[in-house]
Amino acid sequence: MKRKFGDRANWRRVTQRKFASRYVENPYFSGYITLYGIEALREPLWKTYGRHTFRIADKGYSWLQYYPKDAHYIITAMFDDRDEIVEWYIDICKNQGVTDQGVPWFDDLYLDIVVLRNGEVFLLDQDELDDALGRKVITQRDYELATQTAREVLQMIDAHAFPYFLMSLNHCRQGFELDVLQFGESGGVQ
């Protein structure tokens, strides 16, 4: 299991970045929200899902990340240099926390869900989860937690009850100002 940090300080592809983190507690969201801005990098990062290939990291791109309190998933909304959504990436995790320096982290449980702007949904890395269990890197309980959490998130997405899509789009429209983020009933601007 790998611990991942919101500031991605060890990501060598990115040579210049901005990072901000804020804890939010209100009726609509409780947890950390981070903003990772890519100012310079060695080369863009491309990903392929199904028949689609997307650039998910390049100069001027922003990643808005939500760490919902007590949840076993982290949501990353990836925006391009024109503030258009590229994709949402949902990491299934065992635990999450924050460093003494205020940087949120999570212990990755291998399974990921990608939602493209056109609504297509992909469950990724089931093979990695199965391999981790086979090699005893994770326990049977970890495996079941990852599987159940992914199932629940996919059900929320299918029922149009996963609030982070609209929430991230609204926060982008607010200009990514973590100090002034506002929340409404559907994650919208108040």
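**A walk through the predicted model**

Searching the whole structure turns up 0 disulfides, a disulfide being a pair of cysteine sulfur atoms within 2.5 Å. This is a predicted model, in which local features need pLDDT of at least 70, side-chain atom pairs count only at pLDDT 80 or more, and totals for chains, interfaces and linings use all residues. Residues are numbered from 1 along each chain as its sequence is written, and side-chain values use heavy atoms, with hydrogens and water left out.

Cys 93 has 0% relative accessibility and so counts as buried (under 20% relative accessible area; exposed is over 50% and partly exposed in between, with a 1.4 Å probe and protein chains only). Cys 172, at 8%, is buried.

Now to the helices. Helix H1 spans residues 126-134 and helix H2 residues 140-158; their axes lie 9 Å apart at an angle of about 165°. H1 is therefore roughly antiparallel to H2 (angles over 145 degrees). Here helices are DSSP runs of H or I with at least four residues, strands are runs of E with at least two, and both are numbered from the N terminus. Axes are lines fitted to C-alpha atoms, for helices over the stretch in contact, and angles run from 0 to 180 degrees between N-to-C directions. Contact means heavy atoms within 4.5 Å; among the residues making it are Leu 129 and Leu 133 of H1 and Tyr 143 and Ala 146 of H2.

Finally, visit Thr 76 in strand S7 (residues 73-79). Thr 76 is buried, at 1% relative accessibility. Beyond its neighbours within four places in sequence, Thr 76 contacts residues including Arg 8, Trp 63 and Trp 88.

Note on methods. Angles under 35 degrees count as roughly parallel, over 145 as roughly antiparallel, 65 to 115 as roughly perpendicular and the rest as oblique.
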